[in-house]
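Please look over the model shown here. A short report on selected sites goes with it.

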Amino acid sequence: MMKSLFAKELSPKETLEILTGGVSPRPIALVSTLSQDGKRNLAPFSFFNAFGSNPPIIAFSPARKTRDGGLKDTYNNLIQTKECVVQVVTYAMAKQVNVCSAEFKPGVDEFLESGLTPIPSLKVKPSRVKESPFQMECVLKQMVPLGEKPGSGNLAICEVLVFHIAESVTKNGVMHPDLLDLVARNGGHFYTRASGKALFELEKPPLPPS
Ligand SMILES: Cc1cc2nc3c(=O)[nH]c(=O)nc-3n(C[C@H](O)[C@H](O)[C@H](O)COP(=O)(O)O)c2cc1C
């Protein structure tokens, strides 16, 4: 038996639970921004992916809060300053990244709260996170509001200006999942560790005969 649910009859909380449970595991963007008055902010977003390589485009969604429809610091900072650094999250960083997801007041520096280390970027003002082996310096190309209600997404579409890759996670010149040891987000409080026995390979199918 399948349960079929009409989206219009669900609460924002139920809808979020269904989406995050079923659309998973999702990669996690740890997003560093600065407020207009120069205060650092760091927060994780798993509504996140890459969407093109020429130019390199990534997007994530700092959504309106499901509780009251309020906007998040990352959204406000991006609208004001148009810059961010997006970095991936390793298993070793997961607990500290979780600390960054707490609803701190605007102006609170999540680098200090989590103990993650800020290091300077090359092309943008927000700091990078030293502990992450893959960091992307970005500019905001478009912020697309996906609604005005509690839980509505805001698609932050960003172009990558600089990639930083730790040599410790590369093998024969490319990043290797076992060395990266990334985590991804599932529903509830679940995460996936994307290394070791979780990995398998499939060869690309050959070109069909012409
Ligand atoms: C792993 C993880 C993934 C998250 N993904 C999202 C997301 O995609 N969109 C979102 O709005 N909030 C997401 N959150 C919640 C935000 O991190 C949280 O609301 C945070 O307080 C936002 O911080 P800010 O107000 O400093 O921007 C996620 C939290 C965690 C722990």
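## Model

This is a predicted model.

## Ligand shell

The ligand is surrounded by 17 residues. Ala 43, Phe 47, Asp 73, Thr 74 and Ser 101 are the closest of them. Two elements give two or more residues to this shell: strand S3 (40-45) and helix H2 (73-81). S3 supplies the largest share, with four residues.

Seven of its residues are nonpolar, six are polar and four are charged.

## Nonpolar core

The largest nonpolar core holds 33 residues. Those with the most contacts inside this core are Ala 29, Leu 30, Val 31, Phe 60, Val 86 and Val 89. In soluble globular proteins, nonpolar side chains tend to be buried together.

Leu 30 has several contacts beyond its neighbours within four places in sequence. Its partners are Leu 42, Pro 44, Gln 87, Val 89, Val 97, Val 129 and Ser 132.

## Val 85

Val 85 sits in strand S6, which spans residues 83-87. Is Val 85 buried or exposed? Val 85 counts as buried because it has 31 C-beta neighbours inside 10 Å, and the cut-off for buried is 20 or more.

Ala 29 lies 56 residues from Val 85 in sequence. In space, their C-alpha atoms are 9.3 Å apart. Leaving aside neighbours within four places in sequence, Val 85 is in contact with Ser 32, Ser 121, Val 124, Pro 126, Ser 127, Arg 128, Gln 135, Met 136, Glu 137 and Cys 138.

Terms used: Residues numbered from 1 in each chain as written. Predicted model: local features only at pLDDT ≥ 70, side-chain atom pairs only at ≥ 80, totals over all residues. Buried ≥ 20, exposed ≤ 12 C-beta atoms within 10 Å, placed from the backbone. Contact = placed C-beta atoms within 7 Å. Near = placed C-beta within 6 Å. Nonpolar A, V, L, I, M, F, W, Y, C, P; charged D, E, K, R; others polar. Core = buried A, V, L, I, M, F, W, Y, C linked by C-beta atoms within 7 Å.
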